[in-house]
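Hi,

Here is the structure I promised to pass on. Have a look at it first, and then read my notes below.

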Amino acid sequence: MRIFLSSLLALFLTGCASYPNKNGFQSVETLQETSLNPYFANDSTDYVYKANIEAFGKTFGGLFIVKKLGTNHHRTVFTTEIGNTLFDFTFQEDDFKINRILKEMDRKLLINILKKDFKTLLEESPQILQTFKHNDDIVYGAKIGSKKHYFYLDHAVLQKIIRTGGGKEKVAFLFSKIEKNYANKIQIVHNTIPLTITLSGI
Amino acid sequence: MPMTNYNSNLGNPITYWHNRLIPLPVSVFPLLIKEQYNLVFRNYLLIFIVFVFSAKLTGQTKLTTEEANSLRTTVKQQAEATTTITSDFTQYKHLDFLSSDIESKGNLAYKAPDLVRWAYVEPFSYAIIFKNNTLYINDNGNKSNMDVQGNKIFTQLNQLITASIRGDLFEDDQFDIAYFKKDGNYLVYFIPKDAQFVEFIKAFHMTFSPAGEVMEVKMIEPSDDYTLIVFSGRKVNQALSDAHFSQ
């Protein structure tokens, strides 16, 4: 009985443990980086991705377009392949503006998911709260909105961002095929809802 | 389809200002004192000069009713004599805030009365086929389909694509239409009447060759951003099997 209770307590404590503790992160001294995420940071680049969205058993595609218009100021547009705009958002500092959204997509729940995901994707220099070492990666803990995010850098190159909630991984932002501050492939994988967004650079 | 009056945002400025301003001196000027007359006359002259020059720059003039009727007949005859079309296209997506337009290339196939295959090959692979009220999609090998029967937007989109290829939208009472001549070709403005459709496409402009073939289609969004599709290498009435329209 005592062993059972101890196991239960251990399980409970592990369940409540923070994301860094669960993953065996080693705390190290924080050195504030100038930019953690360089992938949408060049204001002279038109970022155009072919997007594939798998949501609730359905798949659809389009073009995801991002332009940096100033410091902490981005415009994001999603169009069909034929070019019709489905939504058009502006992110400026902490403000979020819907310039246009197709009536069929104008749902608060959907807009909130997209808003949070794109805010994370576009944030270049979030305020770093903690720094860790994990295997060969340096992991920066930062806050975007009200959620904790962990930026994994391998040799100073951002590989992934993990958004957590209650010490658990909620959303993963995975960057691959990286060339000179440009990620040719980006995946946004939600762990709590069946939603995956794949962006392929064109 | 009756020709509509020119909309001040979209049509020929000369006709618009001519119709509005020519009667002005006759009807209003006797009631004005000399200074006001000079001011109004100067403004009137200035506006007239600006629009004469802008019209010369764009080289766009409104067709007479006879010319518009003749164009409609030419295009209709051309469309009725067409059983198949294949063509390449280059698409330019213009968003005002981008440094340059997003360019993509592809090809299309049409078989009367309503089989359409519209495929992008560069810089991504994506094809849609409209067949039996179903939209078949091949997104770089990922195949899916969508029943679009009863879906107003998709039904209109299908009609729009078919008509864009054939060019015979003139009989459609869903649009207000205005006809112009530009650079030796014909430019026709189609303004959708349906409010739901306008939310998607505010207007589209089609350019026809003198022979009545569609050369360009420009779809303008409510924000004034647009998609321009330029056709090239058009071939008509070549044998196309139904297999050509399989996913």
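A word on naming before anything else: helices (H or I, at least four residues) and strands (E, at least two) are DSSP runs, numbered from the N terminus. Residues are numbered from 1 along each chain as its sequence is written, while chains are lettered from A and ligands numbered from 1 in the order in which they are written. Keep in mind that this is a predicted model, where local features need pLDDT of at least 70, side-chain atom pairs count only at pLDDT 80 or more, and totals for chains, interfaces and linings use all residues.

Let's start with some loops in chain A. A156(A) sits in the loop between β9 and β10 of chain A. Its phi is positive, about 65°, although A156(A) is not a glycine. For context, most residues other than glycine have a negative phi, and most peptide bonds are trans.

A156(A) counts as exposed because it has 9 C-beta neighbours inside 10 Å. E93(A) also has 9 such neighbours inside 10 Å, so it counts as exposed.

Still in chain A, have a look at helix α3, residues 108–122. Its 15 residues reach 21 Å from first C-alpha to last, close to the 21 Å expected at 1.5 Å a residue (the expected span is 1.5 Å times one less than the number of residues). F118(A), T120(A), L121(A) and L122(A) are buried in α3(A). What covers them? The cover includes β4, β5 (85–92), β8 (137–144), β9 (147–154), β10 (157–165) and β11 (168–179) of chain A.

Now for where the chains meet. 22 residues of chain A are in contact with 22 residues of chain B, a contact being two residues whose C-beta atoms, placed from the backbone, lie within 7 Å. On chain A, β2 (46–55), β3 (58–70) and β4 (73–79) each supply at least two residues of the side that touches chain B. β3(A) gives the largest share, six residues. By class, that side of chain A has seven nonpolar, eight polar and seven charged residues. Here Ala, Val, Leu, Ile, Met, Phe, Trp, Tyr, Cys and Pro count as nonpolar, Asp, Glu, Lys and Arg as charged, and the others, Gly among them, as polar.

On to chain B, which has six helices and 12 strands. Of its 247 residues, 26% are buried.

Helix α4 of chain B (residues 65–80) has 16 residues and reaches 22 Å from its first C-alpha to its last, close to the 22 Å expected. Which of its residues are buried? They are A68(B), L71(B), V75(B) and A79(B). Seen down the axis of α4(B), the buried residues fall within an arc of 65°, so they line one face of the helix; the arc is that of the directions from the helix axis to the C-beta atoms. The face turned away from that buried side carries the exposed residues E66(B), T73(B), Q77(B) and E80(B).

Strand β8 of chain B (residues 175–182) is worth a look too. I call two strands paired if DSSP finds at least two bridges between them. β8(B) pairs with β1 (residues 60–62) of chain B in the antiparallel sense over three bridges, and K62(B) stands opposite F180(B). Eight bridges join β8(B) to β9 (residues 185–192) of chain B, again antiparallel, with F180(B) opposite L187(B) in β9(B). The hairpin of β8(B) and β9(B) has two residues between the strands, and D183(B) takes a positive phi near 50° there.

A178(B) lies in β8(B) and counts as buried because it has 24 C-beta neighbours inside 10 Å. A178(B) and Y189(B) are 11 residues apart in sequence and 5.1 Å apart in space, C-alpha to C-alpha.

Finally, two cis peptide bonds in chain B. One joins A112(B) and P113(B), with omega about 5°; P113(B) is in the loop between β3 (102–111) and β4 (115–122) of chain B. Another joins E122(B) and P123(B), also with omega about 5°, and P123(B) is found in the loop between β4 and β5 (126–131) of chain B.

Cheers

Terms used:
A residue is buried if 20 or more other C-beta atoms lie within 10 Å of its own, exposed if 12 or fewer, and partly exposed in between; C-beta atoms are placed from the backbone.
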